[in-house]
Amino acid sequence: MKQIYLDYAATTPADPAVVQAMLPYFHDAFGNPSAIYSYGQEAKNAVEEARAKVARLVGARDDEIVFTGSGTEADNFALKGIAFANKSKGNHIITSSIEHHAVLESCKFLGKMDFKITYLPVDGYGMVDPQDVKKAITGKTILISVMHGNNEIGTIQPVGEISMVAKEAGVYFHTDAVQTVGHIPADVKELGVDLLAMSAHKLYGPKGVGLLYIKKGTIIMPFLNGGAQERGWRASTENVPGIVGFGKAAELAVLETDSEGARITRLRDKLITGIQKNIDHIRLNGHPVQRLPNNVNISVEFVEGEAMCLNLDMSGICISTGSACSSTSLEASHVLLAIGLDPVKAHGSLRFTLGKWTTEAEIDKVLETLPRIVGKLRAMSPLYKN
Amino acid sequence: MYSAKVMDHFHNPRNVGEMDNPDGTGHVGNPVCGDIMEIYIKVKDNIITDVKFKTFGCGAAIATSSMVTEIVKGMSLEEALKISNKTVAEALGGLPAVKMHCSVLAEEALSSAIDDYLAKNPDKNTDALRKLHKTQHAHSEEESE
């Protein structure tokens, strides 16, 4: 059965052009970029070309880009690197309650190391208020971290305004832009950030490579100790094929972001409107307008998320849910709880994230299939009184 | 993640629905953990002659409630009270460790339905039944005290 993949926020298929670009670097141009001989230099050049491409995508200087093994590593690097390098200036970090686990868990870790963490609340749309950030700043604040776009509910944060607050107070500002770069404009100067994390496999690149943008002059400690790769910022033999793939993905994104953004937004809105029209007792989660072009997150009352996902899977439709039952921790999505959803609604949530290969016919198929599945599960539910 | 048997019970649940004038109703679970089960039984001469269920929950929750109703239909109350969550999980070909709590909920929903029946019909309660309630379902007893 043909699969309809609508979980692009989880991961994306690598673009065929990306895979082609990567292939030579596994066996033919396989050298270690630190080696003096030509294999090494060839690999080094490939890495630097890729670096220029990703730098261009985010509007940074080449030497402000450090390749990492993932977006998660980039977030860890930013938070722990700033914290430990600036400990003499203060120990207070401000973040939001809807960050990705990579940021939240790094903060929890730092919390156990004598750092004080403020987790800012969000409004019903998942939006952080820049005024709340301002009020939370103290003489000991050394870092603010607020994500650019939320992976679960799609809300796009007012990063530009928050960065101005950070600048006025002389505090470093990090943003997790894993879900936004390549999908919506994400220029480091316009955003005004000091640090920005990105992940290749969220924009049609390979898994196993990410990057941290570090504004020139930022005082930060390296996360991985060892060799002097990445100008001393990240020890490890470079993942040359991965980095080359990342560069290619960035190159494609520069060309495609605008047109793709418009196309996807239209399909996203068709899906939202169609669901609202054909199924009652549903709620759109996240901001209706300040929202990632590809994200649809809805709560369906009276039924549970994993049950809906399993049924959709039977029809070849692949999506995810914020239900507790589907997580190994058995806790409902912290993002849905943070925006004030009661647990039952959080358990009944579905996330559809569209991408480059999503077609209108696929959206139509979802609109045809979902009401039937919801109807079947509601008939079984003790919470649904017809 | 799920065995073929679990998927079968999930996609084709047995005994789903409501019952007119059930003799006993069991309601367990809570919205916070995301599973709510209701089991309805019809009892004649201490035999479960009919049983139905409704569940709000994941694949395992629906499968375990379906399986428990299939197992106990036609059983005496005594036999039904001996059904443990392990029996339900085994009948389904096993459950992932993180989903075992769903089978516990199914056992508790059934026991709660039988409890309800016996509370409404105390003359049908027997020493044998009382004993089973004490040992097998001690946690339910503690909660109601």
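The model is a predicted one.

Start with the whole chain. Chain A holds 13 helices and 13 strands. Its radius of gyration is 21 Å, close to the 21 Å that the globule rule gives for 386 residues, so chain A is as compact as a globular protein of that length. Along the principal axes, the C-alpha atoms fill a box of roughly 70 × 55 × 35 Å. Of the 386 residues, 53% are buried.

Next, the domains. Chain A splits into domain 1 (4–11 + 257–379) and domain 2 (16–252). Their centres, taken over C-alpha atoms, are 28 Å apart. The two domains meet through 22 residues of domain 1 and 22 residues of domain 2. On the domain 1 side, helix 9 (240–278), strand 10 and helix 11 (334–338) each supply at least two residues. By class, that side has 13 polar, six nonpolar and three charged residues.

Inside the order, strand 10 (residues 295–300) and strand 13 (residues 349–353) run antiparallel, joined by five bridges. Look for A:V296, which stands opposite A:F352 in strand 13.

Now turn to helix 4 (residues 71–85) of chain A. Its 15 residues reach 21 Å from the first C-alpha to the last, close to the 21 Å expected at 1.5 Å a residue. Helix 4 is mostly covered, with 13 of its 15 residues buried.

Finally, the partner chain. Here 21 residues of chain A are in contact with 18 residues of chain B. On the chain A side, helix 10 (305–314) and helix 12 (343–347) are the elements that give two or more residues. Helix 10 provides the largest share, four residues. What classes of residue make up the side of chain A that touches chain B? That side divides into 14 nonpolar, five polar and two charged residues.

How values were computed
Residues numbered from 1 in each chain as written. Chains lettered and ligands numbered in written order. Predicted model: local features only at pLDDT ≥ 70, side-chain atom pairs only at ≥ 80, totals over all residues. Contact = placed C-beta atoms within 7 Å. Nonpolar A, V, L, I, M, F, W, Y, C, P; charged D, E, K, R; others polar. Pairing = 2+ DSSP bridges. Domains from an automatic or database assignment. Expected span 1.5 Å × (residues − 1). Buried ≥ 20, exposed ≤ 12 C-beta atoms within 10 Å, placed from the backbone. Rg over C-alpha atoms; globule rule 2.2 N^0.38 Å.
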